[in-house]
Structure formats: C-alpha cells, structure tokens
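Biologist: I would like to take a close look at one part of this model, and I would be glad of a careful, connected explanation.

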Amino acid sequence: MSKNNGMRALGVVMLGLQLAGQAQAAVNAMVVVEPTARKAGLTVSQQGVESGLGKVLGQPVNLGTSEDLTDMMRATRSGGYELFIGPAQVAASALSRGYELLGATQGSEPFVLVARAELADLAALRGRRLYLPQQDSIYTYMARGLLTQGGLSMQDLRVAHERYPQAGLAALLVGSADATVVRQSEWKEWQGQYGQAAKVLASSEPVPGGFSVVVKKDLPAEARVRLAQWFAAVPASTGLSQARFKPEMQEYKRVADLGHFTPTQLPGVTRVTAREAQQLQAKGAVLVDTRIEKEYQARHIRGALWLPYVEKSLKDVAFNPALDDFSALDKTDKLKPSQAVIFACNGAECWKSYKAAKMAQSKGFKSVYWLRGGLPEWESEGLPVEAAGS
C-alpha cells in the first residue's frame, strides 16, 4: 500500500470513529420538581425514562432530578441540558433561549392571590405577611406578577419563603399569614371547607400545569418529532404522565414576563389608551417618547418629543429613581410643568414611561398621562407613526 493510500485509509478510520463517538454522545435530560410536586418527582423511574428516550434517540440518555429551582433556572439560561421536564417557569425560560415545546402533562389554570377576609383589596396588603414557597417557584412568580399589576412590590410586604405552597392556606386559617398565592383548583378545594376565612383579591391568566417538556432546537427535527410522540404516549412504567396538552406559547411568555410587566395603574397619573392620547395631542398635550435614540429614530408616534429615560433601577414599583437618569426632562425647553404631558415607550412590559411619568409627577408636573400600551398599542390602532427626519 502506498503512503498516500495508507494516509487516506487512516483518515477514513478516524472519521468513522469520530462519527461513531458523536452518534453515541449522551443526551442530558433533567426532571425539575416543584416542592409541591415532590411526589410526582419521586415516582419518575430514572431507568425507565433513560431507556425509553435512548431507544427513541438511538443514543444514551443521562437523566437527573432536581428540586433546586434557582440552579435549574440558571441551567436554562446556559443551555446545560438538551431536555427539560419541569414546571411552567422553567419551560418558559428555556423557550426564550433556543428550546422547543413538546407538550405539557396538565391543562392550564389561573393562580389566585388569596387574603384574609377582612382585607378589602390589594392596597390593604401593604406591610402584611405574604406566605410563599422558594423564590423561583411558579407560585412566587405569579405572586410577583399579581402584586405588580396591583401597584405593589414584594418590598411592600413581609414575605416568608417556606417550602410547601398549599400550607399558605393553612397559615391564613391560623393567622400566621395574611395572604398567599395558590392555583385556582387548590383554592376551590379549600374554599369548600374554609371559604369564609379568606377571599380572592386578584387572579392571573391561565398558566400551564404539571410538567412541561422542552427540547433544544439544535437536535435534529426528526428526533424532536419522535420525542414529542413518545412523551404524548409515555408508558406508565416510567412514572411520567403523558404530555398530551399543548399550551399556547403566549401562556409561557406571560410566565416568563411575570414581575416585568408594569402595573395597570399609577396613582396620581392618568392612564390613557392610544385613542385618548391622540385626542389629548390634538388639544395640545405633549407626547414624550422615553425609549433609546435608535428606537426613536427608526419609528415613533407622530409628533412625539424624544426625552430618553436611562434605566438602571429594578423593574419594580419600588424602583430607586436615583439609579436612573432622566435629566433630559430638566434640560428640554420644549416642555413646562404647566403643560399636559403623555409618557410612552414600548408597551406594558416597558417600565421607562411608567418611571418617567412618576418622575415628572414628583417634579411638579400637574397633568401627567401614561400611555401604558405605548407604540405597540398605537400602531395596533392604525394611528400615524413617523421616522426621525421624515
């Protein structure tokens, strides 16, 4: 055999070994368990799931189980596993980072914020005791979102992070807590016996229940299809429930955004719709765009004044304005405290206009309006926009 032929033969052998190694590379999967669903986690057969998934994928599978939600949320951000089987907030985090939804084991249902019967509304919770499980629990996510929409921060309450969510209802009954957050079905079951002791102050949109299964999109499409089929008809011997439900992606997006949405109201400031803002503009009100310059230059509400709000504080009603920079408001000569002013940015998830409106109010502006829906709502109504210089 010539030297060249020998080298080619060696190359073929090495390539074959490399491909074989790649074919046998283990897929890493993780079952993430909420404290309240610990029993469901204990019933999962590691050997059964690894074996079943191995046959579907044609390669070894390593399956782990974790109740450390904080660590698992980090893992979704770093792409530490090819497959996650976990609660909605874990799936939601992964879905925004290159994963695909295969299905969920339960349908969706709302969460409710329940408080002692004598508390009239969310505002009455200020300074009260809120019972919640660990900070990355779905219950805590929902609590943060519901409080924010009511104009409250976690910092406004005395929060006790315990282990089991349903125990919060018992805490209300014995007087060791003033409020808690539970699934609607858990509340209804408890309400049948103790309903007079508490009441619902706020309710969320539906959230996927049970385990949601997500897989990395960089796995071959054919493999992802086979995985979806396997999870939808998973054998009972694995200890997993069948992932036959396919929640709307919007439901996961809401979970991912919880705690980041602005409140629905801002005391002392009038919230307006896009149509109302246009009418105010026509009467002389100044509409202020608080977004970054690049966004404003590309497209903005017709006639909007650009005053950027440089945001470094938390997206929270209890934000620290000293960390932010809204000096543009003080520097402009196109706006006076005596004028009506409308603040807007990129919609309900954007806090810049909320903070700007609050800042203007503190600086003595008397007629402050807030277009919470911002540019997205304005455009959805078909109202005029323009680019800088047009």
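Does glutamate 381 count as buried, partly exposed or exposed, judged by its relative accessibility? Please take the salt bridges as the setting for your reply.

Modeller: This is a predicted model, and in it glutamate 381 counts as partly exposed, because its relative accessibility is 34%, which falls between the limits of 20% for buried and 50% for exposed. Glutamate 381 forms a salt bridge with arginine 275, and the closest N and O atoms of the two are 3.2 Å apart. This pair links distant parts of the chain, since glutamate 381 lies in the loop between α15 (374-380) and β17 (385-386), while arginine 275 belongs to helix α11 (residues 274-282), 106 residues apart. Arginine 275 is likewise partly exposed, with a relative accessible area of 39%.

As for the setting, the structure holds 13 salt bridges. One of them joins arginine 126 to aspartate 156, with the closest N and O atoms 3.3 Å apart; arginine 126 sits in the loop between β5 (111-116) and β6 (129-132) and aspartate 156 in the loop between α6 (138-149) and β7 (158-161), so this pair ties together parts that are 30 residues apart in sequence. Aspartate 156 is buried, with a relative accessible area of 18%.

Another salt bridge brings together the side chains of arginine 128 and aspartate 178, at 3.9 Å from N to O. Here arginine 128 is partly exposed at 32% relative accessible area, whereas aspartate 178 counts as buried at 3%. Arg128 and Asp178 also belong, with Arg129, to a network of salt bridges.

Key: Residues numbered from 1 in each chain as written. Predicted model: local features only at pLDDT ≥ 70, side-chain atom pairs only at ≥ 80, totals over all residues. Heavy atoms only, no water. Salt bridge = Lys/Arg side-chain N within 4 Å of Asp/Glu carboxyl O. Helix = DSSP H or I, 4+ residues; strand = E, 2+ residues; numbered from the N terminus. Buried < 20%, exposed > 50% of the residue type's maximum accessible area, 1.4 Å probe, protein only.
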